[in-house]
Amino acid sequence: MDSETHRHPHPRILIAAGEASGDMYAAELLPRLIARLTGLTAFGLGGAQSRAAGIDTIVDLDQVSVMGLVEVLRHYGQLRAAMNTLVEALDRERPDLVIAIDFQEFNQRLAKAAKARGIPVLFFVAPQVWAWRAGRARHFDRYADHMAVLFDFEVPLFAQHGLPTTQVGHPLLDLIDREAPDRDKARRALSIHDEPTIGLLPGSRRGEIERLLPIFLATAEQLLAASPARRFLLPRAGSIDPEWLAAQIEAAGPSPALRDRLTIAEGGARQVMAASDALLVASGTATLEAALIGTPQVIAYRSNALTYALAKRLVRVEHVGLPNIILGREAVPERIQHDATPTRLANDLESILTTDRAREQRTALAEIRGRLGAGGALDRLADLAAEMITRSG
């Protein structure tokens, strides 16, 4: 169906954000779109932040937020149901634009369905074709009419194949500058005084937490045994039920000493990042947030064994942590899969807490900001979206 046949009196868009970071970006993007397009409304895939911003989330991100081949197969039924709901909405609502925010494999399928229906697609956050399956860049016009990318080196990867591509920059620059509390304020809010403090951030998905939290708590046990004055902070993401998290902690069997020194922080991950002297962080967007805040960290991750084996065969990058990828060197320790043991993680953190490694890492992390482009990424993304809607109208 030609786009001319499904104009609305006011612009209507579908925003698809299937991960916590995308949910955050969608919530920040909507008011910018409304400011540019009078009467605009949005629906689609998102979480609590999207809903609070005014997006009608006909599919909740908790239904689709899984990673890895084995995990996807295990949850195939609910992923397919979510996709069917969104495709049916494409047919029923005929939105003027689809904005697909990261969440690659799922959103590529949704975007392909939108393009088959003559609905333009703006894809934000490029698939990491520079890390694996580089040849897929030449086919991405099947999924997008315009690609908005984070990094300048990504532009030619897609533009050379005829796909309009724009570097908008990284939204975290603005969000961190606006929202991250300073160290003293964060520590006061968490009733931390002079104690050495370690933040434990095992991810925002249940699967990640189930795999990583026991390892992170065992690491904390070793750090506490070495210095009983240490404090530990565990942020609870808004998408994680507090009773479920409490049950996960209980199942890990922390010692009475650790229970006494562990605080569940309801103020959010960034408050923990700002308040801590060192962080143990699951690989993902949180590592970049921590880097921009400037807190030294150790990156850890474990996935299903089959997922890891397949990824190891396909991935062509030396590092997996975003700070190290951006810097092009291992400025932050990475412990992945079998290397992510409590003893190794505790040793890495001990080095940060007791040697010059913290100062060295802060110096390296300070370079990252200059490599992410200028601020205003979501304003530029909103400009692109408004232009696409206006042009297609």
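These notebook entries record what I looked up in a predicted model of one protein chain.

**Entry 1. Ground rules**

I worked from a predicted model in which local features need pLDDT of at least 70 and side-chain atom pairs count only at pLDDT 80 or more, while totals for chains, interfaces and linings use all residues. Residues are numbered from 1 along each chain as its sequence is written, and side-chain values use heavy atoms, with hydrogens and water left out.

**Entry 2. The chain as a whole**

I noted 18 helices and 13 strands in the protein chain. Helices (H or I, at least four residues) and strands (E, at least two) are DSSP runs, numbered from the N terminus. Of the 393 residues in the protein chain, 52% are buried; buried means under 20% relative accessible area, exposed over 50%, and partly exposed in between, with a 1.4 Å probe and protein chains only. I then turned to contacts, meaning heavy atoms within 4.5 Å. Among those between residues at least 6 apart in sequence, 69% join residues at least 24 apart.

**Entry 3. The seven-stranded sheet**

I traced an open sheet of seven strands with parallel pairing, in the order β3-β2-β1-β4-β5-β6-β7. The edges are β3 (56-60) and β7 (165-167), each with a single partner strand, so one side of each has no neighbour in the sheet. From one strand to the next, the twist averages 15 degrees. I took two strands as paired if DSSP finds at least two bridges between them.

Strand β4 (residues 97-101) pairs with strand β5 (residues 121-124) in the parallel sense over four bridges. Ile 99 stands opposite Leu 122 in β5. Helix α5 (residues 104-116) packs on the sheet and touches β1 (12-17), β2 (41-46), β4 and β5. The direction of α5 makes about 165 degrees with that of β5. Helix α18 (residues 377-392) also packs on the sheet, touching β1, β4, β5, β6 (146-149) and β7, and its direction makes about 170 degrees with that of β5. Axes here are lines fitted to C-alpha atoms, for helices over the stretch in contact, and angles run from 0 to 180 degrees between N-to-C directions.

**Entry 4. Strand β1**

I found six of the six residues of β1 buried, so β1 is largely enclosed by the rest of the structure. Arg 12, Leu 14 and Ala 16 point one way, Ile 13, Ile 15 and Ala 17 the other way, and all are buried. β1 runs parallel to β2, and five bridges join the two. The bridge partner of Ile 13 in β2 is Ala 42.

**Entry 5**

I found β8 mostly covered, with five of its five residues buried. Thr 197, Gly 199 and Leu 201 lie on one side of β8, with Ile 198 and Leu 200 on the other. Three bridges join β8 to strand β9 (residues 231-235), and the two run parallel. In β9, Phe 232 is the bridge partner of Ile 198.

Ser 191 lies in the loop between α8 (183-189) and β8 (197-201). Ser 191 counts as partly exposed because its relative accessibility is 48%. Its C-alpha atom is separated by 10.0 Å from that of Thr 263, 72 residues apart along the chain.

**Entry 6. Helix α7 against helix α13**

I followed the axes of helix α7 (residues 172-179) and helix α13 (residues 285-293), which come within 10 Å and cross at roughly 55 degrees. That makes α7 oblique to α13; angles under 35 degrees count as roughly parallel, over 145 as roughly antiparallel, 65 to 115 as roughly perpendicular and the rest as oblique. The contact involves Leu 172, Leu 173 and Ile 176 of α7 with Thr 285, Leu 288, Glu 289, Leu 292 and Ile 293 of α13.

In α13, Thr 287, Leu 288, Glu 289, Ala 290, Ala 291 and Leu 292 are buried. The buried residues of α13 pack against α7, α12 (269-275), β11 (278-282), β12 (297-301), α15 (322-327) and α17 (357-365).

**Entry 7. Helix α9 against helix α16**

I recorded that the axes of helix α9 (residues 206-226) and helix α16 (residues 342-354) come within 8 Å and cross at roughly 50 degrees. That makes α9 oblique to α16. Ile 215, Ala 218, Thr 219, Gln 222, Leu 223 and Ala 226 in α9 meet Pro 342, Thr 343, Leu 345, Ala 346, Leu 349 and Glu 350 in α16.
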